[in-house]
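Colleague: I would like to learn how to read ring contacts and sheets in a model. Please take me through some cases.

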Amino acid sequence: MPLPLLPGNSFNRNVGKEKFHKSQHWGFCNNVMMLVSEEKPGIGGEPLLGQKIKPKCTIYPQGDGSDVPSWVAFDKQVLSFDAYLEEEVPDKSQTNYRIRYYKIYYYPEDDTIQVNEPEVKNSGLPQGTSIRRHRITLPPPDEDQFYTVYHFNVGTEVVFYGRIFKIYDCDTFTRNFLSKLGVKVNPPVQCPEDPYIKIRREILEHVEPLRPYESFDTRKQFLQYHGKVLRFFCLWDDSVSMLGDRRELILHYYLCDDTIEIKELLPDNSGRDPMKMFLRRSKLPKYGHTRVYQPGQITDRTVLNLYGDLKRNQEDGYLLDKYKLGKVDQEFYKDCDLSLGVTINVWGRKVLLYDCDEFTKSYYKSKYGIENFTSVSCKPPSPPPKIERKFPPYNGFGSEEDSLRNCIGLKPTPHRKNFKQFMEKDRYGSESNILRFFAKLDTEKYTDLDRIFVISYYLADDTISVFEPIENNSGVTGGMFLKRSRVKKPGQPVFKSELSEYFKAEEFYVGVTVNVNGYLFRLLNADEYTLKYMEQNVDKYPFSDFERSLQKVKQEESRSRELKQVFRAADCKHTKMVDYNTFRDIVMTFTHGNLSEQEFITIARHYRVPEETCPDGDFLLGLAQEKFKKNFFENFDRIIYACGYEDREKKNVLPTKDIKRLCKSFRLPLTDDLLESLLSRFENSEKQIDYKSFFSTLDWRKNPMPELRAQEYLKERCEDVWLGMPSPIPAKNIDYFTFLKDTVGLEEE
């Protein structure tokens, strides 16, 4: 019997209690610190009267794994349930209710729920997201709690905001997830069918539409043969018709949609307009007309009548022929109709297939088992014998080319020059493309023996000009000896039907005698550009081939001992080099005239000793002042003032690098090489320059230097045919020791 609650009979509830602290506002839920002030317990951590404390952990059982928050453990994991809803439809005679299908998504990471309704075609209902993602409370009287994973199972019902959703199935992941939690998942439940959709389907099955939909599904063919094309080489022989000829074509058959396109191969200078396509990509009918059908001529339907308000010019609709009485049946070419040797009809044009590529052969071999792919010969018939056209001989009026053009057509046209040669060989920068030779007349007249000529050959148009340098008190006027023109080779008749032959560049080299309009010129030497050009084009100038020239010297290897003794006797000071004339006498005597002048010059240029040309100080100063004059540069006082500002110690000298930097800042019109040479001239042992003396010397107003004079070209008197002729020699000294090592195998002692 319980004791009455009277004084003396009640007991102290705090007996044995040790915790009397006030609960804090912060706590942990799912191992995440969060604010729990709203559900804060009373004194000592005990709940107040009528207070329900939220559990510290989630409803999921704790396992043996890592202790991580739920939003990390269940990230990107969703439970999917299939459900339906019975919705009443008032004021409808057909059905009293509708069945609506939904997808319920449950997110374990935060116990949120989302409900979506899949779209059904022609359902007449707004579909999509029915309930957005958030936590949903349980129906009364448990509205203070939320749905958890244990409230969902197959065959159960859930109430969301007064709407009853019946779950009839779930996916495999959801079934496995619930099974691991210890929930026994029920088998799938049969879902009822929507009566309205059932009635609508039955009506559509028994109604014949006015425009029946014909389904031609070609996706399988497209996916299987996309990007695969058969290629045939074709020929359309239209030579029978007037102004017709043979046309080379390429046929492409697209396996993905059985369409054909044809391209035409136009040869160069065919005279035809470059057309991209001979036949655009489309299906090709076997028995097509000679011309393409007009728009509207081939249609699938026939318009029987129009209905609507014709007075107001408003067309409400068309009355079509659903039985296709006016449809034209066409048969199109397919891959089985194409093979080698077959002639197809391309809108009235007979096209012969005579060859195909390797992919086409492998396709027909694998699909149709065809093994023979012998190409069909379609050579054009032999042309009739060409009648040789004879032209009358040249009559002497005008040039031969102009006279020939008068005989070719009724309307004379000018002679076409070689424009490509002109563009490639015309002067460009330092490339003059002019071959210049020094020559003398090969004559017995005593007065003409010492006459010197300069023969210029222009590679741009194969013309030749001859100039005679003017020499005072020589008795010869000098000047232009032959104006620039093409020169015919000697020994050709004047009046003939064929064009005359003219001198070419390959026929000019040192040592040869050429006949220029009856004057015999012996070419004695050439300038530096000409010699270098011939050495770079040894295929046209074989006498400038160094290896070929040196091989002629090696043929006299039996007399190598004699050759060594002669060179040693000529080199008394043992410098391993001799002058040019001595080297020429020894080599030409040793080879007994087997070497031509051009071959000897090629050898001498290869073994020449380079000369160090170091200009003097006056020349450099004169060259610099000439640059200043041309650019009107006079800011030397400002430069000296700037140098004085840099010279903080007032020593009147600055380092060379500082002087160079100031010259660059004031933009002196000097090249880097010239500036370096000038600075090195004024530099002392400590790499410093007296800037006042340096810039005062460069001042062309205060200290002008004498004007520069052109350096005289190196001239020497040579023997034999060069006697008395001022000509530049290839080199002053020749390294004969290296020459002997390459020819007779001399080793240095």
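Modeller: This is a predicted model. Start with a charge over a ring: R486 lies over the face of Y502, 3.9 Å from the ring centre.

Colleague: Which residue lies over the face of Y107?

Modeller: R133 does, at 3.6 Å from the ring centre.

Colleague: How many aromatic pairs are there?

Modeller: Two rings pair if their centres lie within 6.5 Å. The count by this rule is 39 aromatic pairs. Take Y533 and Y541: their ring centres are 6.3 Å apart and the planes stand at 70 degrees, so this pair is edge-to-face.

Colleague: Are Y533 and Y541 buried or exposed?

Modeller: Both Y533 and Y541 are buried. Elsewhere in the list of rings, one aromatic cluster is formed by F546, F567, Y580, F583, F600, Y607, Y736 and F739.

Colleague: Now the sheet. What is the order of the strands in the open sheet of 6 strands?

Modeller: The order is β20-β19-β18-β17-β22-β21, and the pairing is antiparallel. At the edges stand β20 (479-485) and β21 (513-516); each has a single partner strand, so one side of each is left without a neighbour in the sheet. On average, neighbouring strands here are turned by 30 degrees against each other, direction ignored.

Colleague: How many bridges join β17 to β22?

Modeller: There are 5 bridges between β17 (residues 434-441) and β22 (residues 519-526), and these strands run antiparallel. For L441, the bridge partner in β22 is F521.

Colleague: Which helix lies across β17 and β22?

Modeller: Helix α8 (residues 528-536) does, running at about 115 degrees to β17.

How values were computed
Residues numbered from 1 in each chain as written. Predicted model: local features only at pLDDT ≥ 70, side-chain atom pairs only at ≥ 80, totals over all residues. Heavy atoms only, no water. Phe/Tyr/Trp six-rings, centres within 6.5 Å; stacked < 30°, edge-to-face > 60°. Buried < 20%, exposed > 50% of the residue type's maximum accessible area, 1.4 Å probe, protein only. Lys NZ or Arg CZ within 6 Å of the ring centre and 35° of its normal. Pairing = 2+ DSSP bridges. Helix = DSSP H or I, 4+ residues; strand = E, 2+ residues; numbered from the N terminus. Axes fitted to C-alpha atoms, helices over the stretch in contact; angles between N-to-C directions. Contact = heavy atoms within 4.5 Å.
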